[in-house]
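Dear colleague,

I am passing on the structure we spoke of, and below it you will find some notes on what turned up when I went through it. Please read them with the model open beside you.

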Amino acid sequence: GIVTYVAPSPTAQVLALTDDSETSVTLSQPMPVGASGSTTSLTVCSNGYISAGPGNGTGFTPTPATFLAGPQVWWSLYWHDFNPAIAGSGQVKFEQVGNLAIVTWDGVWDFGGTTAANANTFQAQFDVTTGTVHFVYGAMSGLGNGALTGFSDAGASADPGSMDISAALPATYSAATFAV
């Protein structure tokens, strides 16, 4: 079903992210990821993607070939050039609410942003029990460089082709399904 945006609580952890940087957060329990793995932490990149560990880099230019060959499982909510360190920008936040580990770009500005018109709000909701991940989008600026959204397992992954997500909305879509 369709999930709703969960606004970060006042106690959500603000991640110390700058332009083109990453940091790790610890999950409350091991979470299944990809075809047959699990992780106890997530690596969050300021540029709109999350990995099951370090190694996928901090690139700001989305390229499908790079995305499909990353050494770690990763979820690209909106791989794009963001900079949460710009004065006035929102921040990337993390918190766990029950079985949901939630990473939120809370009004984060596009790189080079100068006003709130450059703000983007979106989040990933990770169910640590099942490994199900929901991407939830709020206001997006649509400015700046291109964007890539999807899921890629560790190592070489098949290219499923492009999809116009805006044409699929408000229904849900599936980025990946695994039989484990």
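The backbone oxygen of Phe 60 lies 2.8 Å from a polar atom in the side chain of Asn 145, and that Asn 145 side chain also reaches the backbone nitrogen of Asp 81, at 3.1 Å. Please keep in mind that this is a predicted model, and that the distances given here come from it.

Asn 145 itself sits in the loop between strand 9 (133–137) and strand 10 (148–152), and it counts as partly exposed because its relative accessibility is 29%. Leaving aside residues up to four places away in sequence, Asn 145 touches Phe 60, Thr 61, Pro 62, His 80 and Asp 81. With Thr 61, the separation along the sequence is 84 residues, whereas the C-alpha atoms of Asn 145 and Thr 61 are 7.4 Å apart in space.

The structure holds one salt bridge, in which the side chains of Asp 106 and Lys 93 meet at 2.8 Å, N to O. Asp 106 belongs to strand 7 (residues 100–109) and Lys 93 to strand 6 (residues 91–97), so the pair ties together parts that are 13 residues apart in sequence. Lys 93 counts as buried, at 19% relative accessibility, while Asp 106, at 25%, counts as partly exposed; the cut-off for buried is under 20%.

Lastly, Asp 20 has a positive phi of about 55° although it is not a glycine. This residue, Asp 20, is found in the loop between strand 1 (13–14) and strand 2 (22–33), and with 24% relative accessibility Asp 20 counts as partly exposed.

Notes: Residues are numbered from 1 along each chain as its sequence is written. This is a predicted model: local features need pLDDT of at least 70, side-chain atom pairs count only at pLDDT 80 or more; totals for chains, interfaces and linings use all residues. Side-chain values use heavy atoms; hydrogens and water are left out. Helices (H or I, at least four residues) and strands (E, at least two) are DSSP runs, numbered from the N terminus. Buried means under 20% relative accessible area, exposed over 50%, partly exposed in between (1.4 Å probe, protein chains only). Contact means heavy atoms within 4.5 Å. A polar contact is a pair of N or O atoms within 3.5 Å; within protein, one must be able to donate a hydrogen and the other to accept it, and residues adjacent in sequence count only if both atoms are side-chain atoms. A salt bridge is a side-chain nitrogen of Lys or Arg within 4 Å of a carboxyl oxygen of Asp or Glu.
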